[in-house]
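Good morning, and thank you for coming. Please look at the sequence and the structure while I speak.

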Amino acid sequence: MRERTLGSLTTSALGLGCMSMSGMYGPADETESIATIHAALDAGITLLDTGDFYGMGHNEMLIRDALRDRDRDQVTISVKFGALRDPGQNWAGYDGRPAAVRNFLAYSLRRLGTDHIDVYRMARVDPAVPIEDTIGAIAEMVQAGHVRHIGLSEAGPEAIRRAAAVHPIVDLQIEYSLLSRGIEKEILPVCRELGIGITAYGVLSRGLLSGHWTRDRKVGADDFRARGPRFQGENLDHNLALVEALRGVAESRGVSVAQAAIAWVLARGEDIVPLVGARTRERLNEALGALDVAFTEEDLAAVEQAVPADAAAGDRYPTAQMAHLDSER
Ligand SMILES: NC(=O)c1ccc[n+]([C@@H]2O[C@H](COP(=O)([O-])OP(=O)(O)OC[C@H]3O[C@@H](n4cnc5c(N)ncnc54)[C@H](OP(=O)(O)O)[C@@H]3O)[C@@H](O)[C@H]2O)c1
């Protein structure tokens, strides 16, 4: 597996995002999820991404179980914290207060069955708490040995600069794909200026850009995609037409739509690590194939002609969740 560098951290060129193994995209099979994590590690993936709120702690315990018979030190565990939920599993805001940081971390360490987290990051910037305070609290946890590196998630340019002034930041985790190119104008240049890498999520636009999504696919009410603006009505028709254009380019190069979409992100820079959200070995194997795709400049231009920048219809998140994105301000 090729490697990439995120700030001072070296990881595999692809990371595995484990979110979909804990209900965010409807039910997942636990045995297959663990087999998928094992297959990813066996293929050389070293970066596992999770959030303490994915399945209300379920995702961290799944990773703990998957790593039970593996060498923990060979794995980079990236954890997001700070999202609040209620007993109905509804989203209830964010908490970046220093005391909350220490509390979230203590629970995550216990659930993961480890004494340290490799990259710890607030899932969203908490507008009620100066980012210096949140990052300062994580920095104290670095000093104490509970955390190795600090990351950010969905932060905008000003927050990135303010955070980096407190402590070195290894990466910004943010949505980046052919359908979500918002970071290119301001955020990516700021990260590059400061030596901060990108872990790109949603590289398949949550499955929409995978080539496997169909107009008539039904998802449960608890699946993010039931509310995702890009999956609704005319937006979906428009976006699936883009996917069909991409399919034409991908097939003419002998690769799948998902592989073309992941390979495009991989080609955007050595400081970008796509997080693939596979929850089955079959999907994982397809995603891994993207590492072997050698697109020429001409191929990349054809891909971008099929899916031009800003061509997606619909926001990345429902309106209420868009409001939490510091990166979209
Ligand atoms: N920082 C943040 O705010 C944030 C937000 C979201 C996610 N993330 C992280 O980023 C990771 C990836 O995000 P994502 O799951 O939305 O990414 P994604 O790769 O865009 O979407 C993953 C979904 O695409 C479908 N898919 C179809 N073909 C696939 C293939 N060959 N390989 C992988 N998936 C395929 C799967 O859905 P089906 O199984 O239904 O086919 C899968 O669950 C998450 O697991 C999480 O760790 C971070």
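Which atom of V203 is 3.5 Å from an oxygen atom of the ligand? It is a polar backbone atom of V203. I count this as a polar contact, that is, a pair of N or O atoms within 3.5 Å; within protein, one must be able to donate a hydrogen and the other to accept it, and residues adjacent in sequence count only if both atoms are side-chain atoms.

Before I continue, please note that this is a predicted model, in which local features need pLDDT of at least 70 and side-chain atom pairs count only at pLDDT 80 or more, while totals for chains, interfaces and linings use all residues. Residues are numbered from 1 along each chain as its sequence is written, and side-chain values use heavy atoms, with hydrogens and water left out.

A backbone N or O atom of G17 lies 3.2 Å from a ligand oxygen atom. With R279, an N or O atom of the side chain is 2.8 Å from an oxygen atom of the ligand. Taken alone, the ligand exposes 900 Å², and the protein buries 97% of that (accessible areas by the Shrake-Rupley method with a 1.4 Å probe; for residues, only the protein chains shown count as cover).

I turn now to R4, which is found in strand β1 (residues 3-6). Is R4 buried or exposed? R4 is buried, with a relative accessible area of 4%; buried means under 20%, exposed over 50%, and partly exposed in between (1.4 Å probe, protein chains only). Polar atoms of the R4 side chain lie 2.9 Å from the backbone oxygen of G269 and 2.8 Å from that of I272.

Finally, V265 in helix α8 (residues 257-266) is buried, at 0% relative accessible area.

Definitions and conventions
Helix = DSSP H or I, 4+ residues; strand = E, 2+ residues; numbered from the N terminus.
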